[in-house]
Amino acid sequence: MKFSTLILVCLISFSSIAQQASEQSVEKNMKGNFVHTVLFWLNNPNNLTDRTTFENGVQTLLRECKFITSSHIGIPADTATRPVVDDSYTYCVVITFESKEAHDKYQIDPIHTKFVENNKQLWKKVQVYDSESL
């Protein structure tokens, strides 16, 4: 009887550890099931006025659009130069959405279209990468 109790205690312990590990891995996931990554190359990346205008426009978009779950705006990181690293862009904007449908609504949202219309003269190239969670 004592041996079976020991086995039961071990099984419960292992189950608890596995559940905690599973919960920890979920916490590392991004919010949202659809990730919209946009790289921008500004026409005049050294122009402080252009950069400020762009940054303010993006921050307004990210703050006001109700379809966005989470977001990030950044510049190329100062990491080691390697053949696989492209740091030629000026800004990286990453936006997550709960679904593709939320992303599609974002694309036609007046807040997004206003951002594009008011800022498109600032960039010479935009590259988009969209992905959905597995």
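The structure is a predicted model, in which local features need pLDDT of at least 70 and side-chain atom pairs count only at pLDDT 80 or more, while totals for chains, interfaces and linings use all residues. Residues are numbered from 1 along each chain as its sequence is written, and side-chain values use heavy atoms, with hydrogens and water left out.

**Overall architecture**

The protein contains 4 helices and 4 strands; helices (H or I, at least four residues) and strands (E, at least two) are DSSP runs, numbered from the N terminus. Along the sequence, their order is α-β-α-β-β-α-α-β. Of the 134 residues, 29% count as buried, where buried means under 20% relative accessible area, exposed over 50%, and partly exposed in between (1.4 Å probe, protein chains only). A contact means heavy atoms within 4.5 Å. Among contacts between residues at least 6 apart in sequence, 80% join residues at least 24 apart.

In helix α3 (residues 100-108), the buried residues are Ala102, His103 and Tyr106. They cover an arc of only 100° around the axis, which puts them on the same side of α3; the arc is that of the directions from the helix axis to the C-beta atoms. Glu101 and Ile108, on the other side of α3, are exposed. The buried residues of α3 pack against β1 (34-42), α2 (48-64), β3 (91-97), α4 (110-119) and β4 (123-132).

In α4, the buried residues are His112, Phe115 and Asn119. Seen down the axis of α4, they fall within an arc of 60°, so they line one face of the helix. Pro110 and Lys114 are exposed on the other side of α4. The partners against which the buried residues of α4 pack are β1, α2, α3 and β4.

**The pairing of α2 and α4**

Two packed helices are described by the angle between their axes and the distance between the axes. For α2 and α4, the angle is about 175° and the axes are 9 Å apart; axes are lines fitted to C-alpha atoms, for helices over the stretch in contact, and angles run from 0 to 180 degrees between N-to-C directions. The two helices are therefore roughly antiparallel to each other, a description used for angles over 145 degrees, with those under 35 counted as roughly parallel, 65 to 115 as roughly perpendicular and the rest as oblique. On the α2 side, the contact is made by Thr53, Phe54, Gly57, Val58, Leu61 and Glu64, and on the α4 side by Ile111, His112, Phe115 and Asn119.

The table lists relative accessible areas.

| Residue | Relative accessible area |
|---|---|
| Thr90 | 6% |
| His112 | 10% |
| Asn119 | 3% |

Leaving aside neighbours within four places in sequence, Asn119 is in contact with Thr53, Phe54 and Gly57. With such neighbours again left aside, His112 is in contact with Leu61, Tyr106 and Gln107.

Thr90 lies in the loop between β2 (70-74) and β3. A polar atom of the Thr90 side chain is 3.0 Å from the backbone nitrogen of Leu42. Beyond its neighbours within four places in sequence, Thr90 has contacts that include Phe40, Trp41 and Arg51.

Definitions and conventions
A polar contact is a pair of N or O atoms within 3.5 Å; within protein, one must be able to donate a hydrogen and the other to accept it, and residues adjacent in sequence count only if both atoms are side-chain atoms.
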